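Subject: A structure for you to explore

Hi there,

Here is the structure I promised to pass on to you. Have a look at it first, and then read my notes below with the 3D view open.

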Amino acid sequence: MHIHTVLSPCGDLEMSPRNIVEQAKARNIDIIAITDHNSTLHGPVIRKLAEPLGITVIFGAEVTTREEAHCLCLFDTEAQRQKFQDYINLNLPNIPNDPKNFGYQVVVDENDEILEEIEPLLINALKVGISDIEQTVHMLGGLFIPAHIDRPRFSIISQLGFVPPDLKFDALEIFWKTNPSDILSQHSYLKNPTLIKNSDAHFIEQVGEIFTSYQMAEPTFNELTKALKGEDGRRVVGF
Amino acid sequence: MQVSDVVKALNLKVFSGKSGLNREVDGGYVSDLLSDVMGHSDTGNLWVTLQNHKNVMAIASLKELAAIILVKGIEPEADTLEQSNQEQIPILGTDMETFEVVGKIYQLINS
């Protein structure tokens with residue numbers, strides 16, 4: 001549920017759509033989400049490549065909120081993805097990327113040919129706060145998951161001190177090394193939250209290295225939603 | 001020195017928490033990482049920040065800070081105002097940037 005591509009400035013050049021799909025297949029992953037920094041643009045080409053191999057691709061982005069907390073925003077349909085991309089475009093500051101310092105931001109096609117270089121620096125913070133983003137994601141029918149919440153940088157806890165009690169998240173992503181019971185005892189105000197772990201892959205060998213297992217009837221966005229909510233017998237099995 | 005003295009000297013805007021303007025000021029803290037402020041600010045500090053999420057008020061209340069100063073013309077979110085009034089911890093504002101306003105506060109407190 002948290003994979004970067006070559007489009008993210010920090011994503012390795014090997015993180016092409018084709019390589020990501022092949023690596024996911026090799027690791028027997030059923031469902032992945034593509035979450036570049038403040039961009040959903042690589043979702044469609046990866047879905048197109050993954051479908052024939054029986055891998056489901058969820059659209060998404062790892063958004064940097066105004067408070068500089070990273071949050072995963074996940075979507076099912078192309079229409080939702082486009083609307084959310086419009087929202088990002090509206091709220092991303094127009095500060096050009098410097099590839100020498102941050103890395104290249106390229107959109108490629110299914111044959112790894114470069115289609116476009118994205119000008120604004122994608123790791124910047126959006127001009128909108130976390131509550132606004134959460135509400136927008138949910139209004140569009142998406143899932144909202146604060147990322148690596150226990151990391152000392154760019155996490156909801158580092159930036160905001162604690163998880164705001166009225167924030168409507170669908171799950172919380174914890175760092176792969178973290179023991180969930182430690183998080184729950186340190187943040188005892190969290191009442192039985194759904195916790196997941198993801199690879200946050202920036203390099204190809206990281207794709208599928210860390211993953212969460214879900215009890216689902218089939219690998220779809222709707223089933224994933226139910227699993228995160230613990231509905232109809234669907235659930236997070238573990239990581 | 002009271003919060004009201006700082007408001008007057010630096011011509012700060014008072015957004016909320018007027019009933020706390022008589023709080024005593026004991027130094028200050030500058031950070032936009034709320035986890036850092038929670039760990040390192042002290043009772044009676046003026047807190048200068050650009051964060052306006054309502055968790056700011058929760059931290060100020062927990063740490064019993066004297067007041068919050070928002071820089072660069074940033075305004076608090078609506079529910080933050082409400083909590084500031086309840087907690088009687090003022091939220092103040094200025095168009096100055098952090099560097100400038102902190103320099104002035106430092107001079108004021110240490111003069």
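A search over all chains of this predicted model turns up 8 salt bridges in the whole structure. One of them is between the side chains of B:K54 and A:D166, with N and O 2.6 Å apart. This pair crosses between chains: B:K54 is in the loop between strand 3 and helix 3 of chain B, while A:D166 is in the loop between helix 6 and strand 8 (172–173) of chain A. Are these two partners buried or exposed? B:K54 counts as buried because its relative accessibility is 15%, and the cut-off for buried is under 20%. A:D166, at 41%, counts as partly exposed.

B:K54 also forms a salt bridge with B:D79, where the closest N and O atoms are 3.5 Å apart. Here the link is between distant parts of the chain, as B:D79 is in helix 4 of chain B, 25 residues away from B:K54. B:D79 is partly exposed, with a relative accessible area of 34%.

For another kind of pair, look at B:E100 and B:K104, whose side chains meet in a salt bridge at 3.7 Å, N to O. They are separated by about one helical turn, because they are 4 residues apart in helix 5 (residues 98–109) of chain B. B:E100 is partly exposed at 41% relative accessibility, and B:K104 is partly exposed at 35%. Back at B:K54, shared partners join A:D166, B:K54 and B:D79 into one network of salt bridges.

Next, the interface. In it, 12 residues of chain A are in contact with 14 residues of chain B. The two chains bury about 1100 Å² between them, and 46% of that is on carbon and sulfur atoms. Helix 6 of chain A provides the largest share, 4 residues. Sorted by class, this side has 5 nonpolar, 4 polar and 3 charged residues.

Now for the interior. In soluble globular proteins, nonpolar side chains tend to be buried together. The largest nonpolar core here has 47 residues, and A:F84, A:I133 and A:I156 have the most contacts inside it. Elements of both chains give two or more residues to this core, including helix 3 (78–91) of chain A and helix 2 (34–40) of chain B. The largest share, 4 residues, comes from helix 3 of chain B. In that helix, B:N55, B:V56, B:M57, B:I59 and B:A60 are buried, and what covers them includes helix 6 of chain A.

One last stop is A:N38, in the loop between strand 2 (36–37) and helix 2 (43–50) of chain A. A:N38 counts as buried because its relative accessible area is 0%. A polar atom of its side chain lies 3.0 Å from the backbone nitrogen of A:T64. Among the residues that A:N38 touches are A:E62, A:I88 and A:L122.

Enjoy exploring!

Conventions:
Residues numbered from 1 in each chain as written. Chains lettered and ligands numbered in written order. Predicted model: local features only at pLDDT ≥ 70, side-chain atom pairs only at ≥ 80, totals over all residues. Heavy atoms only, no water. Contact = heavy atoms within 4.5 Å. Buried area = accessible area lost by both parts, 1.4 Å probe. Nonpolar A, V, L, I, M, F, W, Y, C, P; charged D, E, K, R; others polar. Core = buried A, V, L, I, M, F, W, Y, C linked by side-chain atoms within 4.5 Å. Buried < 20%, exposed > 50% of the residue type's maximum accessible area, 1.4 Å probe, protein only. Polar contact = N/O pair within 3.5 Å; in protein donor to acceptor, adjacent residues only side chain to side chain. Salt bridge = Lys/Arg side-chain N within 4 Å of Asp/Glu carboxyl O. Lists of a residue's contacts leave out its neighbours within four places in sequence.
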